[in-house]
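Dear colleague,

I am handing over the structure we spoke about, and my notes on it follow below. Please read them alongside the coordinates.

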Amino acid sequence: MHSFLSQNWPIFIERYKRVLLIAILFFAFITRVYMLDFPSDYMFDEIYHGITIQLISQNDPRAFEWWHPQFEGGEMIDWLHPPLAKYTQAAGVLVFGQNSFGWRISSALFGVGVVWLTFILAQKLFGTRVGLLAALLVSLDGLVLVQSRIAMNDIHVTFFTLASIICYWTYREHSTTPAFTLKRLRWLLITCFMLGLTIASKWSGAFVIGIVGLSEVFFAGKQWITWVRVNKRTATKVRIFEFATQLSTLISIGIALISIPLVIYIASYGQMFLQGKGFDHFIGLHNQIWWYQTSLEATHAYQSRPWQWFLNIKPVWYFVDFRTNEPNANIYAFGNPMLHWVGISTVFLSTIW
């Protein structure tokens, strides 16, 4: 029996991989849209994102202004984050109305997209079976599920981060030769475009740009060492020329990794510019963002540190509904500890091997 399964299971997976992937994505979709309108009021940071989504859907310039006071219901405008995710959420409001389903449906769809991109990335790295397993595990993870059912921008930046990594990996697949081919250039530009969408969703996307940049430095150094070993007896002038060529290529890639995402980021504020605000307002807004993010000293008893999120140690409660004679309703952001802890270990081991 064991022999039969070991011989036929890979064949079954390969033959029905599309059906299995569709089944996983359908499961992810259902679990993200079922009762998506509950609770009907804002929960957690939706008091910032929700009202801003409404303003953007109405083309209200207040969405990009930092000086407005708190609304009567306690809501405040989210001008701290780039607007790309809020555009997609505003589209949901325009289609489904100004309600909880409308402002959350974008997160649900991008959450399904995260499951799909996880499959693509894992398949590229480890094959179809691992890709399907990874997609299934992500579809079951509590943290990803909760972030896919709330009107925030975290699931959007996760989606574009995965898309950027997939595009960059494809670019590296076309970088086996020193020649800068047209396909290689195309995938570099696509990667830069995706990185721009990443930072246009949230500033943390800048870390992805840094990782890609450091990877390029690493691969360039590795390529130079290989060339020197193969061409030990070449003349000094040839070595200098080859080094200068590789260095200029690396600098050009670095310029692309900075300039193209920056242009995309600025363009993401297109609605603000079309409303009549100039670049001076853009600069002033970002001065306010930087001041707020670097000078904020407010704390609360239930806050989590970044390393606690990474290690999945301390969850954050988004919503609690105390009911008489009925079970309480709780929504909290907390991943599957086994998946997170084992996942961190496997990432570490894969970098070594």
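**Notes on the model**

Neighbours within four places in sequence left aside, T118 is in contact (heavy atoms within 4.5 Å) with A134, A135, V138 and L162. This is a predicted model, in which local features need pLDDT of at least 70 and side-chain atom pairs count only at pLDDT 80 or more, while totals for chains, interfaces and linings use all residues. Residues are numbered from 1 along each chain as its sequence is written, and side-chain values use heavy atoms, with hydrogens and water left out.

T118 lies in helix α5, residues 100-126 (helices are DSSP runs of H or I of at least four residues, strands runs of E of at least two, numbered from the N terminus). T118 is buried, at a relative accessible area of 12% (buried means under 20%, exposed over 50%, partly exposed in between, with a 1.4 Å probe and protein chains only).

Turning to the backbone, most residues other than glycine have a negative phi, and most peptide bonds are trans. Against that background, F38 and P39 are joined by a cis peptide bond with omega of about -5°, and P39 sits in the loop between α2 (17-33) and α3 (46-57).

N59, although not a glycine, has a positive phi of about 55°; N59 belongs to the loop between α3 and α4 (84-96) and is partly exposed, with a relative accessible area of 45%. N312, also not a glycine, has a positive phi of about 60°; N312 is placed in the loop between α14 (306-310) and β1 (316-321) and is buried, with a relative accessible area of 5%.
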